[in-house]
Amino acid sequence: MEDKATDVPGSSRVDGENYSNAIATETSSVSSSLHLAANVGVPSLLDSRTLHPVTDSGDDGNETAPRYLPRENGSASSTLTFCNAFAQLRKTSSYVLPPPEKIQEVKAPVRDAAAIVYVNRRQQGNPMLKAVRNVGLEFRDGLVSDYVIGESSCCILFLSVRYHLLHNSYLEERVQSVRNDDPTHYKTKLVLCFVDVDDNEVALREINRVALLSDFTLVLAWSWLEAARYLETFKAYENKSATIIKEKVEAEFLPKANDVLTSIRSVNKTDVVTLLSTFGTVKGLMNASMEELSLCPGVGAKKVRQLLETFQEPFTKQ
């Protein structure tokens, strides 16, 4: 039985066993040829360095420099520029001058006077000012106090406990200067004190005494951020009424009775309803005896004792 033969370029008919050897031999021969051509400098047809640039021919048929290269005299192949080509366009009737550019004036932001706190220039190095974000600060000359909110709403003196320990008469002098300026000029006078000392009990007692005797309100802050928030809050509530922070008292009888009687320990609102429905009024409840109070459902011996002690206790202590 004859073996199948395969035609391989450059070789005679070979059997299946020699086919792989023949392919390897041909591949090695082609690689060697390419390597030899590269070493001897045979140019490649795809190498752009071997291509000659397209040149222009002059009137006499002689070749000149390429169009994209300057000529021998240094000038370009075409001297017609864009401006020269369209220079005559401005002389036509259809040409319209472009509108002049509008220069917008940048105006400085105008601060709202209602959101400004006036600051004495002696407070320029105060670290608290760096934490103020929600109100504007405007330095002014001639201020007696450190901070002024509005024209006559509030004046603030700033003090730290550490500075008070070093200069214990500073606060009294500043308070006296404000009082000499105009004691009735400001509606509210504050002392904003920054507590920066651990052992501060004695110092705060002295500061509170000076503020109290001078008709100033003392406000304490334990951080620069807290002090800045106090300053912003004072400005925000500059024109607010004091009623917004007062407790809302109900006008009805039952809510008032609940507020009074539930202040007694162990007495709740259910007990108040039971007692008032039994005795009718607060006066009848206060005049009731121990036996009458004990008959009320839900009122045990402990609650009866608490009620009697409260009703029989004098309003003023000796």
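Modeller: In this predicted model, buried residues make up 27% of the 318 residues in the protein. The accessible surface comes to about 24100 Å², and 54% of that belongs to carbon and sulfur atoms.

Colleague: What makes up the protein in terms of helices and strands?

Modeller: There are 11 helices and 8 strands. Of the contacts with a separation of 6 or more, 55% are between residues 24 or more positions apart.

Colleague: Which strands pair with β3, and in which sense?

Modeller: Strand β4 (residues 136-140) pairs with β3 in the parallel sense over 5 bridges, and V117 has L137 as its bridge partner there. Strand β5 (residues 147-149) pairs with β3 in the antiparallel sense over 3 bridges, with Y118 opposite V148. Two bridges are enough for strands to count as paired, so β4 qualifies with 5 and β5 qualifies with 3.

Colleague: How do you know that D146 and R174 form a salt bridge?

Modeller: The N to O distance between their side chains is 3.0 Å, and the cut-off is 4 Å, so the pair qualifies. This pair links distant parts of the chain: D146 is in the loop between β4 and β5, and R174 is in helix α4 (residues 170-181), 28 residues apart.

Colleague: Are these two residues buried or exposed?

Modeller: D146 has 0% relative accessibility and R174 has 6%. Buried means under 20%, so D146 is buried and R174 is buried as well.

Colleague: How many salt bridges are there, and which others can you show me?

Modeller: The structure holds 9. Among them is the one between R205 and E201, whose closest N and O atoms are 3.3 Å apart. Both residues lie in helix α5, 4 residues apart, about one turn of the helix. E201 has a relative accessible area of 54%, which is over 50%, so E201 is exposed. Another salt bridge joins the side chains of K235 and E238 at 2.9 Å, N to O.

Colleague: Why do K235 and E238 get the labels they do?

Modeller: K235 has a relative accessible area of 7%, under the 20% limit, so K235 is buried. E238 has 22%, between 20% and 50%, and therefore counts as partly exposed.

Colleague: What makes the right-handed β-α-β unit?

Modeller: Strand β7, helix α5 (residues 201-213) and strand β8 make that unit. β7 (residues 188-194) and β8 (residues 217-221) run parallel and are joined by 5 bridges. V191 has L218 in β8 as its bridge partner.

Colleague: Which residues form the nonpolar patch on the surface?

Modeller: F82, F86 and L89 form the patch, with about 350 Å² of accessible area together. F82 is in helix α2 (residues 82-85). At 63% relative accessibility F82 is over the 50% limit, so F82 is exposed.

Terms used. Residues are numbered from 1 along each chain as its sequence is written. This is a predicted model: local features need pLDDT of at least 70, side-chain atom pairs count only at pLDDT 80 or more; totals for chains, interfaces and linings use all residues. Side-chain values use heavy atoms; hydrogens and water are left out. Buried means under 20% relative accessible area, exposed over 50%, partly exposed in between (1.4 Å probe, protein chains only). Contact means heavy atoms within 4.5 Å. Accessible areas come from the Shrake-Rupley method with a 1.4 Å probe; for residues, only the protein chains shown count as cover. Patches are made of residues with over 30% relative accessible area and no salt bridge: like charges are joined within 9 Å, nonpolar side chains (Val, Leu, Ile, Met, Phe, Trp, Tyr) within 5 Å. A crossover is right-handed if, with the strands pointing away from the viewer, the path from the first strand over the helix to the second runs clockwise.
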